Amino acid sequence: MKNGVETYTEQVQKLMANRTNGAPLAFVRTYGCQQNVADGEKIKGLLAQMGFDFTNSDQEADLILFNTCAVREHAEDRVFGNVGALKHLKRKKPGLVIAVCGCMTEQQQVAERLQKTFPFVDLVFGTHVIHRLPEMLYHVLSDSQHLMLLGHEERNIREDIPIRRDGKHRAWVTAMYGCDNFCSYCIVPYVRGREKSRNPDDVIHECEGLVERGYKEITLLGQNVNSYGKGLETPGDFPGLLQRLDSIKGDWRLRFMTSHPKDASRELFNVIAGSQHIPHHIHLPFQSGNDRILGEMNRKYSREQYLSLIRYARQVMPDVTFTSDVIVGFPGETYEEFRDTVSLIKEVKFVNLFTFIYSPRPGTQAASMPDPVSHEEKTHWFAELLKEQEEIAIKNCKQMLGSRQRVLVENRDKKTGLLSGRTPGSLIVLFPGDDSLVGNFAQVEVTETNGWSLKGKEVAF
């Protein structure tokens, strides 16, 4: 048999045609971060190329694929539970193909558990071999093999993978892959590999195509997106990439995540301040407000360095808003050190926080650190932090009363029946309006706040 993705794609189409009446159906569930979502869209692109349609029901699927996340233990437990529940379905439908991929599978202990505990899983593959999905499916279907393909074998970035995007108005575009930071709590560098940047012309070409097709918001992705530029033949950096993207004409927005404080620069904030398409909103994870804990986390910046970034951004963009990530209960953290995190939150006044109780990841440095504080105590700290942030969010929302926000209308809220739009600061505002507004920008005056939620009315631009 000839090698090559096209050949395998055609063979899978033929094999599936012999198994099903009509187009085979794929059920794809993605867990975790936006990068996983972007990977899931590539997986769907390859499946569509192989003739698959898609279903939201695992019961009617001919192929079930879980695209997994390894960042937290809870996410892994959910995947194992959902995979285990497929055992009876596989008995009823022996021809059903079950696949598990993504960050979880790049961990040796997870891969071994999948092999031993879930022998009915046909295919396990990692984050670096997505492009080989047609080949892997061919061998599963033709040879009845149980395949496992892991490891960082692919050093070059593949630009030939089709993408089937989930959204019609907002799109994810990967600018770089991997991470070199090795924060002591984080498994990502081990499962995603070292940093690799896409050629800027490829990123720009993809974004130009999205704007031409009517997408209104593009989010650049990277585990540490503002260290973009490593490994490029022609030297470049993230502020320079943003400037080139900002020159793309059209009525659209450009966002990016996730931004590491150690690589955030005044130049980056200056570019945002002078841009046409980048909202004055920055997701800048700080994780802890205590210097000792930041050192133990290997974050490579101090509390004061982080706050100095905030102050400069506000100097050049008085209307800038921030969101962030926070870990509560890092190994060895004391209550007094936790309170430093709370005080930083009160000082910065984030519009939103993504908060987590520390979850040990096997293989990371933090997993072997002494951790004397009980989970119950950490839960109390967590509740305290949430209460403080809730009060801040309520005050932030009240300050928006009467303001006019240019929102991207995303859908109609099922609960209220109102249109749902996202402000430049990435807050959701609900307002009455016609369905024709979905997928377009609207000018909305904020007329009501209820806790940290916003309601408004459409007004003329």
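Predicted model: local features only at pLDDT ≥ 70, side-chain atom pairs only at ≥ 80, totals over all residues.
Residues are numbered from 1 along each chain as its sequence is written, and side-chain values use heavy atoms, with hydrogens and water left out.

View 1. Helices (H or I, at least four residues) and strands (E, at least two) are DSSP runs, numbered from the N terminus. Thr258 belongs to the loop between β11 (253-257) and α10.

**View 2. Helix α9 beside helix α10.** Helix α9 (residues 238-246) packs with helix α10 (residues 266-273) at an angle of about 10°, and their axes are 9 Å apart. Axes here are lines fitted to C-alpha atoms, for helices over the stretch in contact, and angles run from 0 to 180 degrees between N-to-C directions. The two helices α9 and α10 are therefore roughly parallel to each other; angles under 35 degrees count as roughly parallel, over 145 as roughly antiparallel, 65 to 115 as roughly perpendicular and the rest as oblique. From α9, look for Phe238, Pro239, Leu242 and Gln243, which meet Glu267, Leu268 and Val271 of α10. Contact means heavy atoms within 4.5 Å. By class, this contact of α9 with α10 has 5 nonpolar, 1 polar and 1 charged residues. Ala, Val, Leu, Ile, Met, Phe, Trp, Tyr, Cys and Pro count as nonpolar, Asp, Glu, Lys and Arg as charged, and the others, Gly among them, as polar.

View 3. Two strands pair if DSSP finds at least two bridges between them. Strand β13 (residues 321-328) pairs with β14 in the parallel sense over 6 bridges, and Ile327 stands opposite Phe356 in β14.

**View 4. A barrel of strands.** In this view 5 strands close into a barrel in the order β15-β16-β17-β19-β18, with mixed pairing. Neighbouring strands of this sheet are turned by 55° against each other on average, direction ignored. Strand β16 (residues 419-422) and strand β17 (residues 428-431) are antiparallel over 4 bridges; Arg422 stands opposite Ile428 in β17, and the β17 partner of Ser420 is Leu430. Leu430 also has a bridge partner in β19, namely Lys455, where β17 and β19 pair in the parallel sense over 2 bridges. Strand β18 (residues 441-450) runs antiparallel to β15, joined by 5 bridges, and Arg406 has Gln443 as its bridge partner in β18. Gln443 in turn has Val459 as its partner in β19.

View 5. The hairpin of β18 and β19 has 2 residues between the strands, with Gly451 at a positive phi near 65°.

View 6. On a 1 Å grid over the protein atoms alone, a cavity is a set of points where a 1.4 Å probe fits but cannot get out, and a pocket is an open set with protein on both sides within 12 Å along at least five of seven lines; lining residues have an atom within 4 Å of a point. Grid points are joined across faces, edges and corners, and a volume is the space filled by probe spheres set on the points. The second largest pocket has a volume of about 590 Å³. Of its 24 lining residues, the closest to the centre are Asp319, Thr321, Gln405, Pro424 and Gly425. The largest cavity has a volume of about 240 Å³, and Lys42, Thr127, His128, Tyr177 and Lys196 are the closest to its centre of the 16 residues that line it.
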